[in-house]
Amino acid sequence: MTSRVMVTGGAGFIGSHLIDLLVEAGNEVVIYDNFSSGRHEFVADNLKNPAVSLVKADLLDLKSLVVAMKGVDQVYHLAANPDIRLGTEVTDTDLKQGTVATYNVLEAMRLAGTKKIAFASSSVVYGEAAVMPTPEDYGPLFPISLYGASKLAGEALITSWVGTFGLQAWLFRFANIVGERGTHGVIFDFIHKLKADPARLEVLGDGHQAKSYMEVRDCARAMVHLVSSQNEAVNFFNLGSGDVCSVARIAEVVVEESGFPEVSIEYTGGSRGWAGDVAKASLAVEKLNATNFATNFDSEAAVRHTARALIQEIGLHEI
Ligand code: NAD
């Protein structure tokens, strides 16, 4: 069944891939984005379709959000500050762009009578989990970054709206999502570093950090699949590819794909890349797989595919 769907953060990396799928399925789509990290070119083609509209506004502007929410059946709430490191410098970033923004989305939904919300949460809600791969029912949840705290607060606000105002929710705890149109993250950073200096690649930490990676179209497909197939009041899933890739291996893959002959990979040392970085994160994906879903890429294949795509997009070999 097609619906009128709002995607907050729809001009961003993951949001724009999700919109490709939602439009393909014949939905009406409202993109709500302030373009702080989103890009017009990511949605320009879809905006030629009369079923797609754009509201260029901030989620902190509740009035605009309430107006835009009219007639919307379902929200995919993806907008947030995507940079975990920023929280170490500007400490209210995630509180505003994560927690308060999510409150505004829910309040606008309550006022407009919109009942369904899917939320881009993150594996960082698990903090430094004692159990790996970490299943969805692991607890207690003690995030170690301000970004992680805002994701956990977002989940809690959403379930409170389910319990109090009768919403239905899909909470997605993403692995590291990588792929075409990536505008941040480790692969993106490595390619920019190589562009600045093709002889040397500095890696934050000791390279032993290891996390799950998921290709962005796999992620978008999983979200749409779970929303259409899972019907609890609160549906919560890890979205990942079931294995991990180390930062050292990512550096090697990026160097291999760059074609630069002699790159010295240098590690800054220490077990984590920055304060609040979860050095090891491995997501259990049995619950996702049991819904009859399979990814097209494992972690290393997703990393290699992304390195190839971003080397082109960033223009590594262009002066
Ligand atoms: P992104 O930065 O590309 O997308 C975020 C989008 O939200 C951007 O288009 C930005 O302009 C918009 N936005 C930000 N603040 C806004 C505001 N106040 N009002 C309106 N629009 C706003 O990042 P992404 O990687 O596509 O991430 C999407 C979501 O997935 C985020 O919630 C992120 O925390 C979550 N997530 C991403 C990853 C990952 O690896 N990329 C992992 C876990 C969770």
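Buried residues, meaning those under 20% relative accessible area with a 1.4 Å probe and protein chains only, make up 52% of the 319 residues in the protein chain. The model is predicted: local features need pLDDT of at least 70, side-chain atom pairs count only at pLDDT 80 or more, and totals for chains, interfaces and linings use all residues. Residues are numbered from 1 along each chain as its sequence is written, and side-chain values use heavy atoms, with hydrogens and water left out.

**Overall form**

Along the principal axes, the C-alpha atoms fill a box of roughly 60 × 45 × 40 Å. Among contacts with a separation of 6 or more, 80% link residues 24 or more positions apart, a contact being heavy atoms within 4.5 Å. The accessible surface comes to about 13700 Å², and carbon and sulfur atoms hold 53% of that area; the areas come from the Shrake-Rupley method with a 1.4 Å probe, and for residues only the protein chains shown count as cover.

**Strands and sheets**

The secondary structure comprises 10 helices and 14 strands, where helices (H or I, at least four residues) and strands (E, at least two) are DSSP runs numbered from the N terminus. In strand E6 (residues 168–174), seven of the seven residues are buried. Gln168, Trp170, Phe172 and Phe174 point one way from E6, while Ala169, Leu171 and Arg173 point the other way. In a regular strand the side chains alternate between the two faces of the sheet. Strand E5 (residues 116–122) pairs with E6 in the parallel sense over seven bridges; pairing requires that DSSP find at least two bridges between two strands. Within this pair, Phe172 of E6 is the bridge partner of Ala120.

An open sheet of three strands has the order E12-E9-E14 and mixed pairing. Strand E12 (245–246) and strand E14 (280–281) stand at its edges with a single partner strand each, so one side of each has no neighbour in the sheet. Strand E9 (residues 210–211) and E12 run antiparallel and are joined by two bridges, with Lys211 opposite Cys245 of E12.

**Backbone features and selected residues**

| Cis peptide bond | Omega |
|---|---|
| Met132 to Pro133 | about -5 degrees |
| Gly139 to Pro140 | near -5 degrees |

Phe35, a residue other than glycine, has a positive phi near 60 degrees. Phe35 lies in the loop between strand E2 (28–33) and helix H2 (40–47) and is buried, with a relative accessible area of 18%. Asn292 also has a positive phi, of about 75 degrees, and is placed in the loop between helix H9 (286–289) and helix H10 (299–314). Asn292 is exposed, at 72% relative accessible area.

Lys63 belongs to helix H3 (residues 62–69) and is exposed, with a relative accessible area of 72%. The C-alpha atoms of Lys63 and Ala108 are 8.4 Å apart, although 45 residues separate the two along the chain.

Note on methods. Buried < 20%, exposed > 50% of the residue type's maximum accessible area, 1.4 Å probe, protein only.
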